[in-house]
Amino acid sequence: MTIKQFNATYLANDDRLLFRFNTSEDTEFRFWFTRRVTLFILAATSHLLVKNLEQSHTPEAAKAIAQFGEEAVKKEREQREAVKPETYQPASAYPLGADPVLVMDVKCAFEKQDAEDMLSLDLVLPGGANINLKMAGPTLQAMCLLLNQLREHAAWGEVPQVQEVATTEKELEKAKKPQKPLMH
């Protein structure tokens, strides 16, 4: 399944996003994204992208490269839209039905597919089913750009920073020790 187009709309009455995408196989998937799900996708993808780049670059360079890529996608989209605005083309088949499905949770991780790094995004649906999307850099950045624009429009606040988790034995021991309460 190759994603062809993304489309999303903020619905103020529901305080949700109607997120949909179509594929090159003429299928369309429709989902409801809540504020929590949207902010998680934005925070996690940004964090994972930088962490993936840190494997071959310094943390500062990785952040700069990720930011440069984001700006490049944004500029390219603005130029394309200025020349010829792209209209979303609904598909003829809806494997999950024509009604949007509420996304209950999201899981994401980077994985190698051939020589390319792909983000694996699992949208957890009611009843425990899920849809897995695999996206390379430009597609991922285009989706995040769209979600971020709608986050701003919805006034959902800033994207939270992902907290680092203790990974070494020393850090784990330190985290387990009870902290003395502060006294004034």
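Which order and which pairing does the open sheet of 3 strands have? In this predicted model, the strands of that open sheet stand in the order 5-6-7, and the pairing is antiparallel. From one strand to the next, the twist averages 20°. Strands of a sheet pair through backbone hydrogen bonds, either parallel or antiparallel. Strand 6 (residues 116-124) is joined to strand 7 in the antiparallel sense over 6 bridges. Val124 has Asn130 of strand 7 as its bridge partner.

Two helices may be described together with this sheet. Helix 3 packs on the sheet and touches strand 5, strand 6 and strand 7, with a direction that makes about 120° with that of strand 7. Helix 1, for its part, lies across strand 5 and strand 6 and runs at about 25° to strand 5.

The chain as a whole contains 4 helices and 7 strands. Followed along the sequence, these elements give the pattern β-β-β-α-α-β-β-β-β-α-α. Of the 184 residues in the chain, 35% are buried. Where contacts link residues at least 6 apart in sequence, 51% of them join residues at least 24 apart.

A further open sheet has 4 strands in the order 1-2-3-4, and its pairing is mixed. Its edge strands are strand 1 (3-11) and strand 4 (101-102), each of which pairs on one side only. Within this sheet, strand 2 (residues 16-23) and strand 3 (residues 28-33) are paired in the antiparallel sense over 6 bridges. Phe21 finds its bridge partner in strand 3, namely Phe29. Helix 3 (residues 137-154) packs on this sheet as well, touching strand 1, strand 2 and strand 3, and its direction makes about 10° with that of strand 1.

Thr38 is found in helix 1. Its relative accessible area is 0%, so Thr38 counts as buried. Leaving aside residues up to four places away in sequence, Thr38 touches Leu17, Phe33, Leu147 and Trp156.

Asp15 has a positive phi of about 50° although it is not a glycine. Asp15 is placed in the loop between strand 1 and strand 2. With a relative accessible area of 26%, Asp15 is partly exposed. Ala155, also not a glycine, has a positive phi of about 60°. The position of Ala155 is in the loop between helix 3 and helix 4 (169-176). Ala155 counts as exposed, because its relative accessibility is 61% and the threshold for that class is over 50%.

The description ends with the empty space in the model. Rolling a probe the size of a water molecule over the atoms shows where empty space is left. The largest pocket has a volume of about 910 Å³. It is lined by 29 residues, and those closest to its centre are Leu42, Ser46, His47, Glu70 and Val159. Helix 1 (35-53), helix 2 (59-83) and helix 3 are the elements that give two or more residues to this lining. By type, the lining of the largest pocket comprises 11 nonpolar, 8 polar and 10 charged residues.

Technical notes: Residues numbered from 1 in each chain as written. Predicted model: local features only at pLDDT ≥ 70, side-chain atom pairs only at ≥ 80, totals over all residues. Heavy atoms only, no water. Pairing = 2+ DSSP bridges. Contact = heavy atoms within 4.5 Å. Axes fitted to C-alpha atoms, helices over the stretch in contact; angles between N-to-C directions. 1 Å grid on protein atoms, 1.4 Å probe; cavity = no way out; pocket = protein on both sides within 12 Å on 5 of 7 lines; lining within 4 Å. Points joined across faces, edges and corners; volume = space filled by probe spheres on them. Nonpolar A, V, L, I, M, F, W, Y, C, P; charged D, E, K, R; others polar. Buried < 20%, exposed > 50% of the residue type's maximum accessible area, 1.4 Å probe, protein only.
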